[in-house]
Amino acid sequence: MHLNISEIFYSIQGESLYAGLPCVFVRLSGCNLRCAYCDTPYAYNDGTAMSIDEILDRVDGFSCPLVEITGGEPLLQDAAPALVDALLAKRYLVLMETNGSMDINRVSKKCVRIVDIKCPGSGHMDQNDLANLKRLSPVDQLKFVLTGRTDYEFARDLIVDTWQQDTLPVSMPIPVPVPILFSPVHGRLKPAELAEWILADHLNVRLHLQMHKLLWPEAARGR
């Protein structure tokens, strides 16, 4: 059983609630979307075929307990769930970042599934598999990447429509089953502006910045 691998590298986790921790990244090749703000277009194609055992050997070499499977879109590869299971069996804490267009239940719920919901600015809002909102487990995370006000309002309204309780006062945060991250596209939306919108609407979400963009702004890959 082989997977096409774009790169495997050791860095600082930057796009989840685990941000700031050392992490091994296994980036799978191939993606079914072409988001307008994508910063990893080199992962669209190609890659090196590696067996699961070969991948595990590489990951083991970094002596790090946290591993993220990312892409591209990991779920495009049939063997991705088996890779997650193999890492879990070795007692790694495993994260998987997915673009939200495919059924996340193909992957073990012991994995932290970070599900990206595409907003209008991505160009792929119509590709969202919104059934994933009902597939989330308590350890999962939901992420919205925002280019501006239109994206913010889409994300806000989706959260309200999905989880708002009629008995809840408007001034109180909306209860949600998983952490929700609002991430401004680096260089497109000012974080302070997004912070003001979140505060004005009393949203129970986390303002999230891409830590690796702040640490290594010039890095093209491997970060």
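Where is the place of Ser108? Select Ser108 to find out: its place is in the loop between β5 and β6 (112–117). The model on screen is a predicted one.

**Stop 1: Ser108 and its surroundings**

With Ser108 selected, display Asp85, Leu88 and Arg113; Ser108 touches these residues, leaving aside those up to four places away in sequence. Then pick Pro81 and take the C-alpha to C-alpha distance to Ser108: 7.3 Å in space, for residues 27 apart in sequence.

**Stop 2: helix α2**

Pro81 is one of the buried residues of α2, so select residues 80–89 to show this helix. Seven of its ten residues are buried, and the helix is mostly covered. Besides Pro81, the buried residues are Ala80, Leu83, Val84, Ala86, Leu87 and Leu88. Leu88 is also a contact of Ser108.

What covers the buried residues of α2? The cover includes strands β1 (2–12) and β2 (22–28), helix α1 (52–60), and strands β4 (66–70) and β5 (93–98). Colour these elements separately from α2 before moving on. Just after α2, select Arg91, which takes a positive phi of about 70°.

**Stop 3: Phe9 and Phe25**

Go to two of the covering strands, β1 and β2. The whole structure holds five aromatic pairs. In one of them, the ring centres of Phe9 and Phe25 are 5.0 Å apart with the planes at 10°, so this pair is stacked. Phe9 belongs to strand β1 and Phe25 to strand β2, so the pair ties together parts 16 residues apart in sequence.

**Stop 4: Tyr152 and Trp197**

Next, select Tyr152 and Trp197. They form a tilted aromatic pair, 5.3 Å centre to centre and with 50° between the planes. Tyr152 sits in helix α3 (residues 149–163) and Trp197 in helix α4 (residues 191–201), so the pair links parts that are 45 residues apart in sequence. Tyr152 is buried, at 0% relative accessibility, and Trp197 is buried, with a relative accessible area of 13%.

Then show Arg149. Its charged end sits over the ring of Trp197, 5.0 Å from the ring centre.

**Stop 5: strand β8**

Which strands flank β8 as partners? Strand β7 (residues 141–146) runs parallel to β8 and is joined to it by five bridges. On this side, look for Leu142, which stands opposite Ile180. Strand β9 (residues 206–207) also pairs with β8 in the parallel sense, over two bridges. Here Leu181 stands opposite Arg206.

**Stop 6: Ser183**

Ser183 is buried, with a relative accessible area of 3%. A polar atom of its side chain lies 3.4 Å from the backbone oxygen of His208. Display its contacts: leaving out residues up to four places away in sequence, Ser183 touches Phe144, Val145, Leu146, Leu194, His208 and Gln210.

**Stop 7: the cysteines and Arg34**

How many disulfides does a search of the whole structure find? It finds zero. The closest cysteine sulfur to that of Cys31 is in Cys35, and at 6.6 Å it is too far for a bond. For Cys38, too, the closest cysteine sulfur is in Cys35, 6.6 Å away and too far for a bond. Cys31 is buried, at 18% relative accessible area, whereas Cys38 counts as partly exposed at 27%.

End with Arg34 and Tyr44. The charged end of Arg34 sits over the ring of Tyr44, 3.8 Å from its centre.

Technical notes. Residues are numbered from 1 along each chain as its sequence is written. This is a predicted model: local features need pLDDT of at least 70, side-chain atom pairs count only at pLDDT 80 or more; totals for chains, interfaces and linings use all residues. Side-chain values use heavy atoms; hydrogens and water are left out. Buried means under 20% relative accessible area, exposed over 50%, partly exposed in between (1.4 Å probe, protein chains only). Helices (H or I, at least four residues) and strands (E, at least two) are DSSP runs, numbered from the N terminus. Contact means heavy atoms within 4.5 Å. A disulfide is a pair of cysteine sulfur atoms within 2.5 Å. A polar contact is a pair of N or O atoms within 3.5 Å; within protein, one must be able to donate a hydrogen and the other to accept it, and residues adjacent in sequence count only if both atoms are side-chain atoms. Rings of Phe, Tyr and Trp (its six-membered ring) pair if their centres lie within 6.5 Å; planes under 30 degrees apart count as stacked, over 60 as edge-to-face and the rest as tilted. A charge sits over a ring if NZ of Lys or CZ of Arg is within 6 Å of the ring centre and within 35 degrees of the ring normal. Two strands pair if DSSP finds at least two bridges between them.
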